Amino acid sequence: MPRVNGVGVQVEDTKICVVMVGLPARGKSFIAQKAQRYLQWLSIPAKTFNVGNYRRNDAPHPTADFFDTSNPEGEKKRRAAAKAAVADMLAWFRQGGVIGILDATNSTKERRRWVLDTCNQEGIEVLFVESKCDDEALIMANIRDVKTTSPDYKGQDPETAAQDFRNRIRMYEKVYKSVDEDGDENDLTYLKIMDVGKQVIINRISDYLQSRVVYYLMNLHIRPRSVWLSRHGESMYNLDGKIGGDAGLSPRGEQYARKLPDLVRQSVGDDRPLTVWTSTLKRTIATARFLPGDYNQLQWKALDELDAGVCDGLTYQQIKDQHPEDFAARDEDKYNYRYRGGESYRDVVIRLEPIIMELERSEDILIITHQAVLRCVYAYFMKKDQAQSPWMNVPLHTLIKLTPRAYGTDEVRYPANIPAVSTWRGKGSTAKHEDPLPEAM
């Protein structure tokens, strides 16, 4: 029987191993990490098992020769790393894991068949995901990214690292076979992503959860890009310590709206127009109104602030006085607590999923929205857990730049240096305005 998790996602009783396939510098680790973050964000237990991390225990900084199939010592260590990764993944499945992602080249038919047979013996479905790319510009961009972020090349000269990585790719090219290249892997369940989504090939997708993963990956592009996030300028409700509402900007919020174009130019540059997404509420639209006219602006109802229901327009002290049981329940489990007549953080994630999907297939987006919504979006990119995300500090009058990479997401913050109240509240506190604790930053 299928079961439905807390964000309305149908989770089959079956378990799925997503097996990455492809040559180095084709975005496999990037895809794997993004898929894991997306699934965890939707409350689906997911974990990535990167074979390279296991291999680094025996060979932390190998040269390209290590990956030559005629090198018996290298072949032995790489096979041992793959076995260790798969063994740990199977143990994790037995402990309740739902989607395990095996991140490796898996470039030969023999290796793919071994993974398939090993998983099938445990009753685990296998979905192969191949990233196949012949776009030289994209490959070079990925090489530049890997040489600066991969643990294999930590502390090495960038040009030396890039040359070695090119040589490593050549070693893999000697034995690489694309999935079903010869027509003898037609029994496999697979998704092939060709040249960053220009073409996709789908074979034997069999259930809802597999389809959910495939749909997300079809919308995911692996070109290097950034996303910019900002809260609206300080509002009149912020000054009074009230939550919700549709208040206008305070005088300092107006200052931020006028300063925001300079912050954007500082981070983005003059010749790179953004698409700006705001909520439908006055304070976000007003914050965006001084941005350049060639920036396309779209309003999304899904980006509106968390609905506080009967508590809308109240201060936290008033909520505690008028609704003490609700105040205590929300402190106990802020992610799942739903305001009476309103929403929970979990509800916000549900309505944000189409936004995330659109964001993944778009480039150069600036999102101007609200504290709770930005916490959910930020948690998606930064892989924050559900217990932590509702308590994160997302300050006013700050532009945040997020750049997803294969091994994590880079973050840069651009403060406007325009004073604003703190709207952060600590657990158990009823302070009108409070400086965030270090762990909330």
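Predicted model: local features only at pLDDT ≥ 70, side-chain atom pairs only at ≥ 80, totals over all residues.
Residues are numbered from 1 along each chain as its sequence is written, and side-chain values use heavy atoms, with hydrogens and water left out.

The protein chain contains 14 helices and 14 strands; helices (H or I, at least four residues) and strands (E, at least two) are DSSP runs, numbered from the N terminus. Its radius of gyration is 24 Å, close to the 22 Å that the globule rule gives for 441 residues, so the chain is as compact as a globular protein of that length. The radius is taken over C-alpha atoms, and the globule rule is 2.2 Å times the number of residues to the power 0.38. Along the principal axes, the C-alpha atoms fill a box of roughly 70 × 50 × 35 Å. Of the 441 residues, 58% are buried, where buried means under 20% relative accessible area, exposed over 50% and partly exposed in between (1.4 Å probe, protein chains only). Among contacts (heavy atoms within 4.5 Å) with a separation of 6 or more, 70% join residues 24 or more positions apart.

Two packed helices are described by the angle between their axes and the distance between the axes. Axes are lines fitted to C-alpha atoms, for helices over the stretch in contact, and angles run from 0 to 180 degrees between N-to-C directions. Helix H1 (28–41) and helix H7 (residues 208–219) pack at an angle of about 125°, with their axes 11 Å apart. This angle makes H1 oblique to H7; angles under 35 degrees count as roughly parallel, over 145 as roughly antiparallel, 65 to 115 as roughly perpendicular and the rest as oblique. Ile31, Lys34, Ala35, Tyr38 and Leu39 of H1 form the contact with Arg212, Val213, Tyr216 and Leu217 of H7. These residues comprise seven nonpolar, no polar and two charged; Ala, Val, Leu, Ile, Met, Phe, Trp, Tyr, Cys and Pro count as nonpolar, Asp, Glu, Lys and Arg as charged, and the others, Gly among them, as polar.

The axes of helix H13 (residues 345–360) and helix H14 (residues 371–382) come within 10 Å and cross at roughly 60°. H13 and H14 are therefore oblique to each other, and their crossing is right-handed. Residues of H13 in this contact include Tyr345, Arg351 and Glu360, which meet a set in H14 including Arg375, Cys376 and Phe381. By class, the contact has twelve nonpolar, no polar and three charged residues.

Ala25 lies in the loop between strand E3 (15–21) and H1 and is buried, with a relative accessible area of 9%. Beyond residues up to four places away in sequence, Ala25 touches Ile139, Asn142, Ile143, Phe165 and Ile169. Ser43, in the loop between H1 and strand E4 (46–50), has a positive phi of about 70° although it is not a glycine. Ser43 is partly exposed, at 21% relative accessible area. Asn417, also not a glycine, has a positive phi of about 60°. Asn417 is located in the segment after strand E14 (408–415) and, at 69% relative accessibility, counts as exposed.

Technical notes: Left-handed = near helix turned anticlockwise from the far one by under 90°.
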